[in-house]
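The following note sets out points for a colleague who is reading the coordinates alongside the sequence. Please keep the structure open while going through them.

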Amino acid sequence: MKFSDLGLGEDLLRAVTDAGYDTPTPIQAQAIPYVLMNRDLLGCAQTGTGKTASFTLPMIEILAHGRTRARMPRSLILEPTRELAAQVSDQFETYGKYHKLTKALLIGGVSFEEQNKALDRGVDVLIATPGRLLDHAERGKVLLRDVKILVIDEADRMLDMGFMPDVEKIVGLLPQIRQTLFFSATMPPEIRRLSEKFLSNAKEVSVDPPATAAETISQGLIKAAPRDKRRVLRELIKAENVQNALIFCNRKRDVGILHRSLERHGMQAGALHGDMDQYSRTETLEKFKAGEYTILVCSDVAARGLDIASMSHVFNFDVPTHADDYVHRIGRTGRAGKQGRAITIATSEDSRYLDSIAKLIGYPIPPLEGFESAPDEKQDDPAEETGKTEKPRRNRRSRTAKKSSAPARKRQERAPVVEDADTNVALPFGQQEHVPAFLLRK
Ligand code: AMP
């Protein structure tokens with residue numbers, strides 16, 4: 001099957017060739033002809049399958065005819081995260097280079113002013129995150145009754161992130177007669193119910209059973225004690241031939257802690273999570289893509305669907321609590337036929353999460369081979385972990401002394417007191433590490 005068999009026009013085929021693609025991926029081959037027929041579509045496909053082009057290409061073809069009006073976009077694409085929205089926008093740029101379509105990106109964290117200006121000029125393609133779009137709609141800055149094509153992308157993620165009520169509100173502002181394309185990586189019953197609500201007489205296409213790990217990714221599992229994880233991670237980074245890596249943490253706060261710790265150990269690392277403002281997110285991502293950072297510590301939200309070419313490694317600093325997230329995380333490497341490594345650090349507490357991952361991917365994550373963690377010479381500073389600073393040792397000692405029981409106090413009082421050579425602190429005999437030489441002499 002070739003792109004020219006799908007019914008796309010000459011200009012689009014040229015743009016696809018310029019982008020370096022010659023064969024459509026399975027989701028593209030299945031979806032594009034139906035979208036061109038103006039049919040509704042239910043696509044079950046993960047990121048990495050080429051699904052974005054499966055809707056951007058036929059949309060450009062359909063929208064090539066017709067005119068736009070101020071504040072009345074002709075098509076709307078809803079994305080769960082700002083990064084995904086920006087990536088879709090980039091694809092319109094790539095494939096629409098021989099067309100004169102206008103587009104606007106409405107995402108949170110950036111000023112309304114520029115977005116208003118773009119809307120006033122009139123847009124053919126509006127790409128938005130649900131919250132920011134509703135803000136504009138409520139201020140009367142955008143009218144959605146001219147939307148002919150609606151795309152709901154990453155629907156399962158929208159549901160996880162609690163965006164579905166906003167999506168339903170937005171769909172309520174759209175005309176009843178329209179074409180709707182609905183994509184989701186997984187099809188739990190709630191997603192199916194929503195798809196039935198939004199779609200009519202849809203063609204269903206599905207590629208790769210959802211949530212399977214690509215064969216181009218070699219996976220490994222290593223066990224570590226919780227307070228040893230950062231050291232093990234550093235050793236892994238040194239032992240593996242890391243060109244660029246994403247390191248996933250389960251909590252935003254741990255992203256910051258791990259990021260600072262890696263920097264302190266001289267690594268060129270950036271951090272990305274949902275609480276950062278848009279400017280910092282974009283800047284960090286650009287630096288990572290340009291190779292200025294080798295390592296990006298991130299949360300699931302920030303990294304979902306990130307398309308960064310040739311990612312050599314993914315590390316799970318924490319085992320994800322949702323098995324789906326495991327597949328999404330490791331899917332950031334081993335893309336487009338390239339080999340990738342995905343290494344997970346687990347503690348003894350993680351066994352039930354590891355079990356559900358094994359159930360989902362059909363086998364347990366294999367133990368990492370050929371890596372031996374060095375004996376624990378120096379524990380990481382536990383203060384790093386909690387974000388608190390430790391109390392000076394001297395105070396701790398006096399606190400312990402205060403708490404000690406009466407007989408223990410008596411024992412200490414009876415013990416001969418010697419001077420600790422290093423600290424000059426008086427310690428009861430038997431508690432100091434080094435016995436001064438004169439005490440050992442006969
Ligand atoms: P997506 O699933 O849309 O996130 O796309 C994943 C990656 O596949 C992106 O880097 C696309 O540029 C790339 N891609 C899209 N279509 C093709 C194709 N027909 N052949 C090879 N790579 C493609």
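Which residues of helix H15 (residues 351–361) are buried?

1. Basis of the note. This is a predicted model, in which local features need pLDDT of at least 70, side-chain atom pairs count only at pLDDT 80 or more, and totals for chains, interfaces and linings use all residues. Residues are numbered from 1 along each chain as its sequence is written, and side-chain values use heavy atoms, with hydrogens and water left out. Helices (H or I, at least four residues) and strands (E, at least two) are DSSP runs numbered from the N terminus.

2. Helix H15. The buried residues are Tyr353, Leu354, Ile357, Ala358 and Ile361, where buried means under 20% relative accessible area, exposed over 50% and partly exposed in between (1.4 Å probe, protein chains only). Because they cover an arc of only 140° around the axis, they lie on the same side of H15; the arc is that of the directions from the helix axis to the C-beta atoms. An α-helix has 3.6 residues a turn, so residues three or four places apart point the same way. Arg352, Asp355 and Lys359 are exposed on the other side of H15. The buried residues of H15 pack against E8, helix H14 (323–330) and E13, contact being heavy atoms within 4.5 Å. After H15 comes Gly362, which has a positive phi near 95°.

3. The six-stranded sheet. The strands of this open sheet are ordered E8-E13-E12-E9-E11-E10, and their pairing is parallel; two strands pair if DSSP finds at least two bridges between them. At the edges are strand E8 (217–223) and strand E10 (269–272), each of which pairs on one side only. From one strand to the next, the twist averages 20°. E8 runs parallel to strand E13 (residues 340–346) and is joined to it by seven bridges, with Gln219 opposite Ala342 in E13. Helix H10 (residues 229–239) packs on the sheet and touches E8, strand E9 (245–248), strand E11 (295–298), strand E12 (313–316) and E13. The direction of H10 makes about 160° with that of E13; axes are lines fitted to C-alpha atoms, for helices over the stretch in contact, and angles run from 0 to 180 degrees between N-to-C directions.

4. Nonpolar cores. A nonpolar core is a set of buried Ala, Val, Leu, Ile, Met, Phe, Trp, Tyr and Cys residues joined through side-chain atoms within 4.5 Å. The largest has 32 residues, of which Leu8, Phe55, Leu57, Met59, Ile77, Phe92 and Leu181 touch the most other members. Elements giving two or more residues to this core include helix H1 (10–18), helix H3 (51–63) and strand E6 (179–184). With six residues, H3 gives the most. Met59 touches Ser75, Ile77, Phe92, Ile149 and Val151, residues up to four places away in sequence not being counted. A second, separate core has 30 residues, among them Ala104, Ala118, Leu134 and Val171.

5. Two loop positions. Thr68 lies in the loop between H3 and strand E2 (75–78) and is partly exposed, with a relative accessible area of 24%. The side chain of Thr68 reaches the backbone oxygen of Val123 at 3.1 Å. Met37, in the loop between H2 and strand E1 (41–44), counts as exposed at 52% relative accessibility.

Definitions and conventions
A polar contact is a pair of N or O atoms within 3.5 Å; within protein, one must be able to donate a hydrogen and the other to accept it, and residues adjacent in sequence count only if both atoms are side-chain atoms.
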